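Reader: I have a model open and would like to go through it with you. Could you take my questions one at a time?

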Amino acid sequence: MRSNVPSCLVGAFRSLRISQAPAARPSILPNASIVSRQIQCPQNVRLFSATASMAGNWLEPSINRKKKMMKGRPRVPTGGSTKGTTVMWGDYGLRMTDHHRRISAQQLKIAEDTIKQRLRGQKYRLYKRVCCNVGVFVSGNEMRMGKGKGSFDHWAARVAVNQIVLELKGMIHEQVARDAFRLAGNKLPGQWEFVLKGEPPVVGITKLDGVTLEELKRPRRKIPAESVKPIPPETSGVESQRTPLDLP
């Protein structure tokens, strides 16, 4: 059977050769190794927390429970600090106002479940600004003094005064967020307040509303004693006529 293909086309195909080193075409997609290097993130780092998580989750870190820990106090820098007192990632926040304390992981979990139950069916995101990275060791009741520190009981978080613990962001009305944080504050120890994004920070118990941190650090202005006048006590006519009780 004779082929209908012209002989000129057959000769042209035979003359074609595959080059040994073809020119590489520029690739639009980046190299896989470069992509993996860029996407790789440091381990044991939470982006939405003011305290180190030590791996694990925010309620139970991956720390050896047999390692004893001291009770400690919340770390506040000398001279005051505004760190952790303002809303960073959300629109609303829950801030403690009375005193620093240690909050257990069980209490924080109950507060989180309360917010989720109140906001069921709505689109939102809850940010946790603290992490339970402190182990609490307790000895049994009616135990004599000594004999060591005790066994592990639960995890807890050190929360400083006026520190934001929870933040909320989403398609939620402000009154609904207020009600959710009110219910969560009732489950937590201490006094709590509702905070909006953009409110001034707090140093200790002083809110920086109209005053800066530099002005608080300045020494107090000395007032000369000559300019201070004592205020005389107020005496009414009825009190002057009153007879002392010890007289007959």
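Reader: Among contacts between residues at least 6 apart in sequence, what percentage joins residues at least 24 apart?
Author: In this predicted model, 80% of those contacts join residues at least 24 apart in sequence.

Reader: How many helices and strands are there?
Author: The protein has six helices and nine strands. Of its 248 residues, 26% are buried.

Reader: What does leucine 108 touch, leaving aside residues up to four places away in sequence?
Author: Its partners are Trp58, Leu59, Ile103, Val130, Cys132, Ala157, Val165 and Leu188. As general background, nonpolar side chains in soluble globular proteins tend to be buried together.

Reader: Cys132 is on that list. How many disulfides are there?
Author: The count is zero. The closest cysteine sulfur to that of cysteine 131 belongs to cysteine 132, and at 6.3 Å it is too far for a bond, because a disulfide requires the two sulfur atoms to be within 2.5 Å. Cysteine 132 is likewise in no disulfide, with the sulfur of cysteine 131 as its nearest at 6.3 Å.

Reader: Are these two cysteines buried or exposed?
Author: Cysteine 131 is buried, at a relative accessible area of 2%, and cysteine 132 is buried at 0%.

Reader: Now the open sheet. In what order do its three strands run?
Author: The order is S2-S5-S4, with antiparallel pairing. S2 (101-104) and S4 (134-138) are the edge strands, each pairing on one side only. From one strand to the next, the twist averages 50 degrees.

Reader: How many bridges link S2 and S5?
Author: Four bridges link them, in the antiparallel sense. Serine 104 stands opposite alanine 156, which is in S5.

Reader: What packs on this sheet?
Author: Helix H3 packs on it and touches S2 and S5. The direction of H3 makes about 65 degrees with that of S2.

Reader: Is asparagine 162 buried or exposed?
Author: Asparagine 162 counts as buried because its relative accessibility is 6%, and buried means under 20%. A polar atom of its side chain lies 2.4 Å from the backbone oxygen of glycine 204. Leaving out residues up to four places away in sequence, asparagine 162 touches Gly84, Thr85, Arg95, Met96, Thr97, Glu193, Val202, Gly204 and Ile205.

Reader: One last point: where do glutamate 142 and lysine 147 lie?
Author: Glutamate 142 lies in the loop between S4 and S5, and lysine 147 lies in the loop between S4 and S5 as well.

Reader: What is the phi of each?
Author: Glutamate 142 has a positive phi of about 55 degrees, although it is not a glycine. For lysine 147, also a residue other than glycine, phi is positive and near 65 degrees.

Reader: And are they buried or exposed?
Author: Glutamate 142 is exposed, with a relative accessible area of 84%. Lysine 147 counts as exposed at 84% relative accessibility.

Technical notes
Residues numbered from 1 in each chain as written. Predicted model: local features only at pLDDT ≥ 70, side-chain atom pairs only at ≥ 80, totals over all residues. Heavy atoms only, no water. Contact = heavy atoms within 4.5 Å. Pairing = 2+ DSSP bridges. Helix = DSSP H or I, 4+ residues; strand = E, 2+ residues; numbered from the N terminus. Axes fitted to C-alpha atoms, helices over the stretch in contact; angles between N-to-C directions. Buried < 20%, exposed > 50% of the residue type's maximum accessible area, 1.4 Å probe, protein only. Polar contact = N/O pair within 3.5 Å; in protein donor to acceptor, adjacent residues only side chain to side chain.
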